[in-house]
Structures are given as C-alpha cells and as structure tokens.
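Student: Please take me through this structure, one topic at a time.

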Amino acid sequence: MRNDRKKFAKKFDLRLAEPILCIDQLEGTTGAMVYNIHAIAKTGTRSIIESELRAYRQLEKLLKRNINKVFPRIVSVIDKSSKFASFFMEPIHGEVMEKSILKIGEMAKIFGANDQRVVRQQEVVCKMTKKILTNLKLLHLPIKMKKQDASGALRNFVREMENALEENLRLADIDIYYPLFSNEERFWVTGVISAAHRDLSVVNIIGDESAMRFIDPRLIVPNGKVRSQFASAAIDFAALSISLERKELEIQNMVPELVLSARKLIEAEIHKMLDN
C-alpha cells in the first residue's frame with residue numbers, strides 16, 4: 001500500500017488541481033495549521049482519459065451554464081510525454097449510488113424487507129433518484145434544429161445504437177436476426193434530440209439526498225464503433241433502469257421479496273415518457 005501511495009502521488013501535481021480543490025481548516029495555531037484537502041482524481045491511459053475529457057467538453061458546449069448542475073467541474077492533467085493521463089474532479093458530497101442501494105440489501109438480509117430501517121434507506125435512495133430525474137431534465141433539454149436536421153441527427157443516433165447492439169451480441173456470441181432500425185422511419189422521423197450521458201449506471205452517479213452528480217460520460221455507447229453527435233433521452237433512461245434492475249436482482253438473491261422503490265420510480269417515469 002505504501003508503494004502504491006508513492007506511485008499515485010507521482011502522477012499528480014496538486015498545483016494543477018487548485019481551481020477545484022476544497023480545503024477545510026481543521027485546527028491549528030499561529031505556527032501550524034491542519035487542513036483537510038478534498039479532490040477526486042481519475043487516471044488511466046491517455047486514450048481513455050482524453051476520450052472522457054472530450055465527452056465532458058462536448059457536454060459543456062451543449063449544456064452551457066447547466067453543466068455543473070449535472071456534472072462536477074474538472075481540471076485535466078495531461079503529460080504529452082507519457083502514455084498515461086489524469087484529471088481532477090471537484091469533491092462530490094455523498095457516495096456512489098450503488099453503495100446506497102446495496103445498503104438496502106445488507107439491512108434487509110439482517111432485519112427483513114419490511115423493517116423500518118430498510119424502509120428509511122429505500123426512502124433515501126428514492127430521494128436520490130428524484131434528484132437524478134432533475135439532472136436528467138437538464139441533460140435532456142431539447143436541442144433546437146430544423147425538423148429535417150433533427151430527423152437526420154436522430155437517425156444517426158439509431159445507427160450508433162444499432163452498431164453497439166451488433167457488437168454486444170457478437171461479444172456475447174449470440175446469433176439472432178433483428179431488423180435494421182435505422183431503415184424504419186418510425187424510429188427516427190419524429191423525436192427529441194438532446195445530449196446524453198450514454199452509460200448512466202448506478203456506479204456513475206455520486207451524491208446524497210441534497211444533490212447528485214454524474215461522472216464518466218461517454219462519446220459513444222459502450223462497445224459502439226459508430227458515433228453520432230447528438231443522442232436521445234431514451235438511452236439514459238434505459239441504461240439507468242437496467243442498472244437498477246441488476247442491483248435489485250443482486251439483492252433478491254439474498255432477500256427474494258425485496259423490490260427496489262427507486263426502480264419503480266424510474267419505471268413510472270419511462271411509462272410517462274412513452275404515453276407522451
């Protein structure tokens with residue numbers, strides 16, 4: 001662990017993170033002070049980090065002043081002479097949403113699905129989910145363009161999804177026939193064009209009941225090879241719904257009768273979208 005800390009420390013220069021550092025003074029005297037310094041750092045290969053930074057920058061252009069209501073502020077730290085890169089994110093109060101959800105299962109395993117402690121934790125996660133829905137309204141604000149241009153942009157996004165589906169089926173060694181959705185106008189001739197996270201799972205959401213932030217946005221849906229400039233809200237709602245369903249199944253392996261209230265909230269929101 002000590003060697004890991006040394007290696008990690010060498011990758012970062014806190015002077016570069018100064019714009020997003022959160023510093024709390026804890027105690028001290030005129031001769032010596034104690035501070036608690038907060039920041040979130042992400043490091044990886046340059047290709048991965050640079051791709052993620054491009055996703056943040058593209059979202060910044062689309063969301064403008066709303067960007068930091070949905071995503072944390074970031075500062076990039078890229079060493080052109082290295083194959084690795086990194087960036088800092090401003091501190092986000094709270095925890096990864098997955099952890100808050102798994103607490104429900106841990107408590108339910110001990111006390112039962114209907115215990116008041118479990119009910120209260122379900123309520124906490126539901127409050128977090130409502131904050132997520134607020135963020136999604138900002139993220140999915142319609143992008144104004146001519147109807148013909150919007151149809152073209154939506155068709156490009158359907159092609160992106162189509163290509164990713166093909167690749168995911170190939171990786172899973174599943175051989176099934178499905179129609180080319182991009183050839184069917186009903187999938188793209190009408191609809192709302194917007195920005196999107198493109199990989200919105202419970203591990204990419206951090207916060208608490210007061211505020212939530214999304215991290216790790218993508219330029220292209222997972223395993224996709226064809227990228228479109230714009231997207232649709234459907235991809236984020238589908239990804240979040242599947243992610244919650246997976247966590248529910250994970251908990252039900254321990255507590256079969258437990259149903260995640262947050263999943264039902266998202267499901268109800270999807271039904272409202274479909275009805276409209």
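**Helices, core and strands**

Student: What covers the buried residues of helix 6?
Tutor: Helix 7 is among the elements that cover them. Contact means heavy atoms within 4.5 Å, and buried means under 20% relative accessible area, exposed over 50% and partly exposed in between, with a 1.4 Å probe and protein chains only. Helices (H or I, at least four residues) and strands (E, at least two) are DSSP runs, numbered from the N terminus.

Student: What kind of model is this, and how are its residues numbered?
Tutor: It is a predicted model, in which local features need pLDDT of at least 70 and side-chain atom pairs count only at pLDDT 80 or more, while totals for chains, interfaces and linings use all residues. Residues are numbered from 1 along each chain as its sequence is written, and side-chain values use heavy atoms, without hydrogens and water.

Student: Back to helix 6: how far does it reach?
Tutor: Its 25 residues, 147-171, reach 36 Å from first C-alpha to last, close to the expected 36 Å. The expected span is 1.5 Å times one less than the number of residues. Just after helix 6, Asp 173 takes a positive phi of about 55°.

Student: Which residues of helix 4 are buried?
Tutor: Met 97, Ser 100, Ile 101, Ile 104, Gly 105 and Ala 108 are buried. They lie on the same side of helix 4, because they cover an arc of only 150° around the axis, taken from the directions from the helix axis to the C-beta atoms.

Student: And what do they pack against?
Tutor: They pack against strand 6 (95-96), helix 5, strand 7 (205-207), strand 8 (212-214) and helix 7 (233-252). The face turned away carries the exposed residues Lys 99, Lys 109 and Ile 110.

Student: Which members of the largest nonpolar core touch the most others?
Tutor: Of its 43 residues, these are Phe 71, Met 97, Leu 139, Phe 214 and Leu 258. Helix 5 (residues 116-139) gives the largest share, seven residues. A nonpolar core is a set of buried Ala, Val, Leu, Ile, Met, Phe, Trp, Tyr and Cys residues joined through side-chain atoms within 4.5 Å.

Student: New topic: is strand 5 enclosed or open, and why?
Tutor: Strand 5 (residues 84-89) is largely enclosed by the rest of the structure, because five of its six residues are buried. Strand 3 (residues 40-45) pairs with strand 5 in the antiparallel sense over six bridges; pairing requires that DSSP find at least two bridges. Within this pair, Thr 43 stands opposite Ser 86.
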